[in-house]
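Student: I am new to this structure. Please take me through one part of it closely: the place where the chains meet.

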2 protein chains.
Amino acid sequence: MRNTLMATAALLLAGGFAAQANDKVLEMTQDPDQWVLQTGDYANQRYSKLDQINKDNVGDLQVAWTFSTGVLRGHEGSPLVVGDTMYVHTPFPNVVYALDLANDGAIKWRYEPKQDTDVIPVMCCDTVNRGLAYANDMVFLHQADTTVVALDAKTGEVKWSAVNGDPTKGETNTATVLPVKDKIIVGISGGEFGVQGHVTAYDMNTGEKLWRAYSVGPDDQLMFDENTTSLGKPVGADSSINTWEGDQWKIGGGTTWGWYSYDPETNLFYYGSGNPSTWNPTQRPGDNKWSMTIFARDADTGVAKWVYQMTPHDEWDYDGVNEMILSDQEIDGEMRKVLVHFDRNGFGYTLDRVTGELLVAKKYDPAVNWATEVVMDKDSDQYGRPQVVAEYSTEQNGEDENSTGICPAALGSKDQQPAAFSPKTGLHYVPTNHVCMDYEPFRVSYTAGQPYVGATLAMYPAPDSHGGMGNFIAWDATKGEIKWSLPERFSVWSGALATAGDVVFYGTLEGYLKAVDAETGDELYKFKTPSGIIGNVMTYSLEGKQYVAILSGVGGWAGIGLAAGLTNPNDGLGAVGGYASLNNYTALGGQLTVFALPN
Amino acid sequence: MRNTLMATAALLLAGGFAAQANDKVLEMTQDPDQWVLQTGDYANQRYSKLDQINKDNVGDLQVAWTFSTGVLRGHEGSPLVVGDTMYVHTPFPNVVYALDLANDGAIKWRYEPKQDTDVIPVMCCDTVNRGLAYANDMVFLHQADTTVVALDAKTGEVKWSAVNGDPTKGETNTATVLPVKDKIIVGISGGEFGVQGHVTAYDMNTGEKLWRAYSVGPDDQLMFDENTTSLGKPVGADSSINTWEGDQWKIGGGTTWGWYSYDPETNLFYYGSGNPSTWNPTQRPGDNKWSMTIFARDADTGVAKWVYQMTPHDEWDYDGVNEMILSDQEIDGEMRKVLVHFDRNGFGYTLDRVTGELLVAKKYDPAVNWATEVVMDKDSDQYGRPQVVAEYSTEQNGEDENSTGICPAALGSKDQQPAAFSPKTGLHYVPTNHVCMDYEPFRVSYTAGQPYVGATLAMYPAPDSHGGMGNFIAWDATKGEIKWSLPERFSVWSGALATAGDVVFYGTLEGYLKAVDAETGDELYKFKTPSGIIGNVMTYSLEGKQYVAILSGVGGWAGIGLAAGLTNPNDGLGAVGGYASLNNYTALGGQLTVFALPN
Ligand SMILES: O=C(O)c1cc(C(=O)O)c2c(n1)C(=O)C(=O)c1cc(C(=O)O)[nH]c1-2
Ligand SMILES: O=C(O)c1cc(C(=O)O)c2c(n1)C(=O)C(=O)c1cc(C(=O)O)[nH]c1-2
C-alpha cells in the first residue's frame with residue numbers, strides 16, 4: 001500500500017492562494033518539531049515526519065516527564081508545542097497552561113476562565129474540550145460556555161473574547177477552533193438540546209463576528225447559493241426546509257462539534273453536522289437536511305460548495321461530525337484529491353474533496369447491520385443513500401418499541417476519536433467502537449435548555465465477536481478495505497498518531513498508550529498511564545530529541561459513568577451500562593505523560 | 001557512621017512478649033517485599049532491606065506504571081503492598097483501591113465512603129489522609145469524619161466501623177492507624193478547633209472501644225498512674241490541670257494526628273501531642289501540659305510510662321506530633337535504645353525510649369532562633385526546657401503585637417513529613433522546612449466547630465540563607481549534628497525512604513522524586529511526577545523485581561493555597577503567601593508513580 005504520491009507537505013504547499021496574515025500556520029504545520037493545531041495539520045492527517053522514535057526502538061520508550069492538569073473528568077485533545085513552549089488545556093473549567101519545555105515543564109502562565117457551572121448539565125457527553133489552536137502568536141480557546149478567547153501566547157493575557165452561543169438554550173462547546181488565514185472558524189454543540197447547528201467565523205485579530213452558516217434552515221441561513229451541489233447536482237432552493245415538517249428545523253440540531261480540516265489549494269474547509277433533533281425519528285418526518293452531512297465551504301465567504309448527507313432521516317444518533325482526512329490517493333488508476341471520513345454510521349467514505357463526488361463507501365466494522373450498503377449507482381434514485389434494514393429501523397418499529405441488536409450503537413463505529421493517515425503506507429489508522437445497542441424512541445416536547453432526546457438506549461459489545469468493545473484498524477480508503485484489525489477490550493476513544501518511524505500510536509480507555517507497527521499492526525510498546533485515555537497522541541521534537549505526549553483522563557461519552565459518577569445502566573444516553581466494567585481498570589484523572597527514548 | 005549494631009529485624013524480634021493475634025504484622029514488616037504499615041515498620045525507620053535498586057544503578061530508574069486516584073488535593077502517606085495487591089488511599093473522600101500488581105494495577109475492588117462534605121471546612125491543613133494499615137487480612141482506614149473502618153483485604157467489604165469523634169465540634173482525622181496485637185490505636189485532629197486531644201484503642205476484630213487516653217486533663221482522663229515519669233521523675237498528681245487556668249484544658253488541644261511507633265520489646269507505643277489551644281498564648285497561662293509532649297504508653301493498657309514536654313506553653317504552634325523513630329545506637333560509648341524525634345520547634349531530640357531520659361537536643365536547622373538551647377543540666381530547674389529568646393516570644397510581645405522574624409515558622413523546621421533512618425549508615429534523613437514567620441496573636445472566643453486560632457501569620461524563606469524554603473538533611477542523632485544538607489526551593493513535605501542500596505529517596509513540592517547517595521547526599525536521579533509530592537516514598541518487590549512508589553498530589557499545609565484555591569497571603573494560617581510561587585511549578589493532582597529498573 002504505497003500508492004500515495006504526495007505527502008502532507010506537498011499537499012499543503014501546493015496551489016497559489018493569496019498570501020495572508022497567517023500563512024505562518026501552514027508553515028508551522030510543516031515543521032515536525034512543532035504541533036500547532038490539534039489535528040497536526042490542516043489536512044487532519046495526524047502524521048509526523050519525525051522518525052527518531054521508530055519501529056525498531058519504540059520498545060525502549062520511557063516516560064520523560066509528567067504533568068497533572070489539576071482537573072478531573074474526560075481529557076480530549078492534545079497539547080500544542082510551539083518552540084520550547086507547550087500549551088495544555090483542560091476540560092471544564094478549561095484552564096490553559098503554558099509550560100516551559102526548557103525547564104522540566106515549569107508553568108510560564110496559566111489562564112483560568114471563570115465559567116458558570118450551569119453549563120455542566122447542558123453538556124451531553126462529559127465536560128470535554130478538544131483543545132487549543134495556535135496562530136499569529138495567539139492561543140485560541142473555545143470554552144464550554146461558548147466564549148471564544150484569544151490569549152497572548154507569551155503572557156496568557158486575553159487579547160479578545162467573543163460569545164458564540166447561549167448555554168441557557170443548551171448551546172455549549174467542546175470543539176477546538178480552526179484558524180484559517182485571518183479568521184477563526186468555530187462550531188457549536190447541543191444536538192441533544194435542540195440547538196440549530198452552525199459554524200461561525202471571527203476576525204482572528206479583533207474577534208469581530210464575520211459570518212455564520214447554519215446546518216439546517218432557509219438558504220440564507222445555510223449560506224448556500226446556486227452553485228452549491230450534492231453528489232454533483234445543484235441542491236436547488238430550500239434544500240433543507242423542504243425536508244422538515246413545519247418549524248421543526250428551528251430546533252433541528254445538526255450541530256458542528258467535530259474536527260475541521262482545510263485545503264489551502266481549494267480554499268475549502270470541511271466538517272460534518274450532527275444528529276437531527278430529537279432522537280425520536282417519528283417526530284421529524286423527512287430527510288432532515290442538512291443534518292448528518294459533510295460540508296465543504298469557502299473559508300473566506302462561508303458559502304457552501306458542496307454537501308453530502310450520509311444518514312438521511314437519522315434514526316440512531318449517527319452524528320456526521322467525525323473528521324475529514326485530506327490526502328491525495330490513487331483510485332482506479334487515477335490520482336484523486338480525496339477526503340476520507342469514518343462516519344458514526346459505520347461506513348468509511350472516500351470522496352473527491354474538490355467536487356464532492358462519492359468514490360468509496362464501505363463498512364469499516366463488519367458488525368455494522370443497520371444498513372446493507374450505500375448505493376453507488378449514480379443512476380439510482382437511491383444514489384449515495386444507505387439501504388436501511390427494516391428490523392433495525394427505529395422509525396419503522398415505532399415509538400415506545402425497543403429496537404434491539406442495532407450495530408453500531410449510537411456512539412457509532414467511531415465517534416470523535418480521530419483517525420490518522422500515513423502517506424508512507426497509504427493507510428488510515430482508525431480507533432473504532434465495536435458496540436451495539438437497543439433503542440427505544442419516545443415522544444418528547446421541547447423546552448429551551450432541557451434535554452431534547454426522546455430515546456432510551458442500552459449498549460453492549462458487538463455480539464458473536466471477540467467480546468471486546470473496540471478495534472484499532474488499518475484501512476485502505478482507496479478500496480474500502482480493512483488491512484488489519486486489533487481487538488480491544490473497550491472502544492478506542494483516543495486519537496491516533498502515525499509517524500515516519502513506521503509506528504502508529506493510540507491510547508485505550510484502560511489507560512494504555514500503545515505503539516504498533518504501521519505495516520503489520522504488531523504491538524511494539526505499551527505503557528499504563530495514570531487514567532483512561534480519550535486524548536489524542538501527538539509528537540514534537542526539542543533540541544534534537546523526539547517526544548510523544550498524551551493526555552490521560554477518562555471520560556467522554558464512553559466514560560461518562562466514571563466521569564459523572566453515574567451507575568444506572570441507561571444513564572449517560574445508554575453508555576453507563578455498556579462501559580460499566582471500565583470501573584475495574586481506571587479512575588478519573590487529568591495528566592500529561594511525555595515519552596522519549598533513553599539518553 | 002556505622003556504629004549501629006542492631007538492625008530493624010533484630011530490634012523488632014527481640015524481647016519475649018506474649019504471642020498475639022497479629023505477630024503477623026511484625027513478621028510482615030520483616031519481609032522487605034511487602035509494605036504493610038505506612039511507617040514501613042513499627043520502629044518508623046522507613047528503611048528497606050531491598051538493594052536491587054542501588055546507588056550505582058538508580059540513575060537508570062524508569063517509570064514502570066502509573067495510577068490516577070481520581071481525587072485532587074493533598075495526597076499524603078503511601079500505598080501498602082501485601083503480596084501482589086497494592087492498597088491505595090486518597091484524601092477526602094478517602095477512597096480505597098485494591099490494585100492487582102499481577103495485572104498492571106487493574107482495580108480488584110474500591111471502597112468509596114459516603115462522608116458529609118461539612119467535614120472539609122473543619123480540617124485545618126487540607127483534606128489529607130496519611131494512609132491505611134494492614135493487619136489480620138484487614139485493611140484499616142481512619143476517615144476524615146473520624147469513622148474507623150476495617151475492610152476485608154480480599155473483597156473490600158466493611159467488617160466493622162466505629163466513630164471516634166464528632167466533626168461538628170471540629171474533631172476530624174488525617175492520621176493512619178497503628179495496629180498492635182489485637183488492637184487498633186487511633187488519634188484525633190482539631191487543635192485549631194479547641195479539641196481535647198486523645199488516643200483511643202479499638203478491638204481489632206470487633207471495633208469495640210477499649211480505652212481512651214487524653215493529652216490534657218485530669219489524671220484519669222490522661223491515664224497516668226503513680227509510675228508515670230517525666231525526665232526520670234514521677235509527674236505526680238494533677239500534672240496537667242495544674243498547668244492550665246480554669247477549664248481551658250477542656251478546649252486545650254494537644255491533638256494526636258502524627259505518626260505512631262511501637263516497640264514490641266517494651267510493649268510501649270510512642271506518639272506526640274499537638275499545640276495547646278488557642279494560638280494566642282496570653283489566653284492560656286501555664287505550661288499547658290501535656291500539649292507538645294512525647295508520650296510512651298503501654299500498648300495493652302494505654303497507661304503512660306513516661307512523658308516529655310518539648311515546648312512548654314507554646315507561643316508558635318510548634319505541635320509535638322512528629323514521628324518517633326526507634327533504633328539502637330551507641331552514645332558516649334554505650335548502646336542505647338533510643339527514640340529520635342525531629343520536633344516542629346527545630347530541635348532534634350534523642351531520648352532513651354525505655355526511660356524517657358533526654359540524651360541529645362540540638363537544632364537541626366541553623367536558622368532556628370526562638371530558643372537558644374534546651375537545657376541539658378539535670379540539676380537545673382530549667383532541665384529539658386528550651387530557653388526562649390524574648391524578642392521572639394509572642395507572649396512577651398503581647399496580644400495584637402506582630403512578632404517578626406521568628407524561625408522556624410508555625411509549620412516548624414519539620415512538620416508531618418516523616419524522616420527515615422538507615423541502620424547501615426546510622427544516619428537519619430530528614431525532610432525539613434527552612435521557613436520563618438511573623439506572628440500576631442489576638443483574643444479569640446470559643447464556639448464549638450468554629451476555628452479557635454487567635455493569631456495572624458505570614459511566612460517566608462529563612463532570611464540570609466540560600467533563598468529556598470527547605471533542606472533535605474542527614475543527621476547524626478548520637479551527637480546532634482547535621483552531616484550534610486541539600487538546599488531545596490520549597491519545604492520538603494514528602495517522607496523519606498532509606499534503603500540497603502545506599503540510596504535515600506524523597507519528593508519535592510514541585511513534584512520531583514529524587515534519589516541521593518546515603519553517604520554523601522549526591523543527587524543520583526530525579527524525575528518530575530505529575531503533581532507536587534507530599535506523600536512518602538515506599539518500596540516493594542514482586543517476582544524478584546524491586547519497585548519504588550510515590551503518591552503525587554500537591555497540598556497539605558504548605559500547599560493549601562493551591563489545594564483550596566486560596567490567594568490571600570495570610571490565608572491558610574499564613575502558608576498561602578509563603579508558598580505562593582509553588583503555583584509556577586505544579587497543579588493539583590492525585591497520582592501514583594511506580595519506578596523500576598529497565599528489564
Ligand atoms: O449533538 C451534539 O451537539 C453533540 C455534542 C457532543 C459534544 O459536544 O461533545 C457529542 C455528541 N453530540 C455526540 O453525539 C457524541 O457521541 C459525543 C461524544 C462525545 C465525546 O466527547 O466523547 N461528545 C459528543
Ligand atoms: O492541631 C491539629 O489537630 C492539627 C491537625 C493537622 C492535621 O490533622 O493534618 C495538622 C496540624 N494540626 C498542624 O499544626 C500542621 O502543621 C499540619 C500540617 C498538616 C499537613 O498534613 O500538611 N496537617 C497539620
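**Where the chains meet**

The contact draws 34 residues from chain A and 34 residues from chain B. Keep in mind that this is a predicted model.

Start with area. The size of an interface is often given as the accessible area lost when the parts come together. Here, about 2,400 Å² is buried between chain A and chain B. Carbon and sulfur atoms give 48% of that area.

Next, the pairings. Between chain A and chain B there are zero salt bridges. Polar contacts do occur: 22 residue pairs across the interface of chain A and chain B, with both residues at pLDDT 80 or more.

Now look at which strands of chain A take part. Strand 2 of chain A gives the most, with seven residues.

What classes of residue make up this side of chain A? The side of chain A that touches chain B has 16 nonpolar, 14 polar and four charged residues.

For contrast, turn to ligand 1. The shell around ligand 1 has six nonpolar, eight polar and seven charged residues. Among the 21 residues around ligand 1, those that come nearest are Glu76(A), Ser189(A), Gly190(A), Thr255(A) and Asp415(A). A backbone N or O atom of Trp557(A) is 2.8 Å from an oxygen atom of ligand 1. The protein covers 99% of the 470 Å² of accessible area that ligand 1 has on its own.

Terms used. Residues numbered from 1 in each chain as written. Chains lettered and ligands numbered in written order. Predicted model: local features only at pLDDT ≥ 70, side-chain atom pairs only at ≥ 80, totals over all residues. Heavy atoms only, no water. Near = heavy atom within 4 Å. Polar contact = N/O pair within 3.5 Å; in protein donor to acceptor, adjacent residues only side chain to side chain. Areas by Shrake-Rupley, 256 points an atom, 1.4 Å probe, with all protein chains shown as cover. Nonpolar A, V, L, I, M, F, W, Y, C, P; charged D, E, K, R; others polar. Contact = heavy atoms within 4.5 Å. Buried area = accessible area lost by both parts, 1.4 Å probe. Salt bridge = Lys/Arg side-chain N within 4 Å of Asp/Glu carboxyl O. Helix = DSSP H or I, 4+ residues; strand = E, 2+ residues; numbered from the N terminus.
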